[in-house]
Amino acid sequence: MKSDKMRESDNIEDRRGQGSGSFGGSSSGNGSQLLLQLLFSSGSWKTKLVILLVLLLFGGFSSLSGILTGDNTANYDRTSQVSTNNTTASDQDAQFVSKVLASTEEFWSQKFRAEGMTYNAPTLVFYTNRTTTGCGLGQAQAGPFYCPADKKIYIDLTFYQELTTKYKAAGDFAMAYVIAHEVGHHVQNEIGTMSSYNKARQGLSEKASNALNVRLELQADYYAGAWAKYVDDQGLLDTGDIQEALNAAHAVGDDTLQQEAYGKTVPDSFTHGTSEQRKRWFDRGYQYGDFTHGDTFKTNDL
Ligand SMILES: [Zn+2]
């Protein structure tokens, strides 16, 4: 994607390197807090010496500063510092994601305006490992996600590398597709599709609920495709970009993911659609780019 001259979004919240506080408490941290309490309480000097040795041996003193300053996140940052060592690459990735987000803001603002609506853009949160969200604990291993309750998209940028290493879907536009898909969920939230979906889902069997979820996900893929058409019309795509997005859509298909993880597929448990469906709905969005052709909830031809 020709992103050099694209503007970055203002709707970014950078939590990289921050601990998640209430969720980050490791057992070693709690253990050393207990030992410190013992150290400062009564006891023989021998006991204190043993405690001191234990603390020194197991790195308890790194959390000492945290306890003394009231900064309980000190413990958890150690892991995130490791993952942010390659700051340059990570910052470039963040910049790219921010540019994609800005472009979706322009696209959806235009689309909403044409329908007499106003688009309220989502906030995108960068984090490392885990973070608190309006939808509970956000964890990097779950991949990028959108939380309807706080209208934020959460991304741990290590996913960008995982697209290449784990999903075999390399390229900047593979990542762009992922962002645009999450923005698609925000669009669903803004126009009320998500609340209709939540109502319709009540009382359904798991199988029927999953089937409805597939429709929601394929529509987000369609919206991602619609955005891809918008940037293509601006001449911002490189050769192969659409193929990168299609590869990514294929890679995150339920059948492909299940086949790789378990060696078999269970169609009733599909929540996002097959690889073929995901590619097809992205491509359909890319062909039409409008709202009407993206009604995955009405069609019999999913
Ligand atoms: Zn989704």
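This is a short tour of one protein model, stop by stop.

**Before you start**

The model is predicted, so local features need pLDDT of at least 70 and side-chain atom pairs count only at pLDDT 80 or more, while totals for chains, interfaces and linings use all residues. Residues are numbered from 1 along each chain as its sequence is written, and side-chain values use heavy atoms, with hydrogens and water left out.

**Stop 1: the whole protein**

Show everything as a cartoon. The protein has twelve helices and six strands. Helices (H or I, at least four residues) and strands (E, at least two) are DSSP runs, numbered from the N terminus. Of the 302 residues, 44% are buried. Buried means under 20% relative accessible area, exposed over 50%, and partly exposed in between, with a 1.4 Å probe and protein chains only.

Contacts (heavy atoms within 4.5 Å) come next. Among those with a separation of 6 or more, 72% are between residues 24 or more positions apart.

**Stop 2: the four-stranded sheet**

Select β1, β2, β6 and β5. In that order they form an open sheet with mixed pairing. Two strands pair if DSSP finds at least two bridges between them. β1 (12-14) and β5 (145-147) are the edge strands; each has a single partner, so one side of each lacks a neighbour in the sheet. On average, neighbouring strands are turned by 25° against each other, direction ignored. Such angles run from 0 to 180 degrees between N-to-C directions, with axes fitted to C-alpha atoms, for helices over the stretch in contact.

Walk across the sheet, strand by strand:

- β1 and β2 (residues 123-126) run parallel, joined by three bridges. E13 stands opposite V125, and D14 has F126 as its bridge partner.
- β2 and β6 are also parallel, over four bridges. Here V125 is partnered by Y154.
- β5 and β6 run antiparallel, with three bridges. C147 stands opposite K152.

Now zoom in on the hairpin of β5 and β6. Four residues lie between the strands, and K151 takes a positive phi near 55°.

Show the side chains of β6. K152 and Y154 point one way, I153 and I155 the other, and all are buried.

**Stop 3: helix α7**

Select residues 172-191. This is α7, which lies across β2, β5 and β6 (152-155) and runs at about 20° to β5.

**Stop 4: the zinc ion**

Which residues hold the protein donors of the zinc ion? Select H181 (NE2), H185 (NE2) and E217 (OE), which lie 1.9 to 2.1 Å from the ion. Donors are N, O and S atoms within 2.8 Å of the metal (3.2 Å for Na, K and Ca); water is not among the atoms, so sites may look incomplete. Along the chain the donors follow the spacing H-x3-H-x31-E.

H181 and H185 both belong to α7, four residues apart, about one turn of the helix. Are they buried or exposed? H181 has 5% relative accessibility, so H181 counts as buried. H185, at 7%, counts as buried too.

**Stop 5: the largest pocket**

The largest pocket holds about 920 Å³ of space. Among its 35 lining residues, A142, P144, F145, E217 and H272 are the closest to its centre. E217 is one of the zinc donors.

Which elements each supply at least two lining residues? They are β4 (136-139), β5, α7, α8 (193-201), α9 (206-233) and α11 (254-262). α7 gives the largest share, five residues.

A pocket is an open set of points on a 1 Å grid over the protein atoms alone, where a 1.4 Å probe fits, with protein on both sides within 12 Å along at least five of seven lines; lining residues have an atom within 4 Å of a point. Grid points are joined across faces, edges and corners, and the volume is the space filled by probe spheres set on them.
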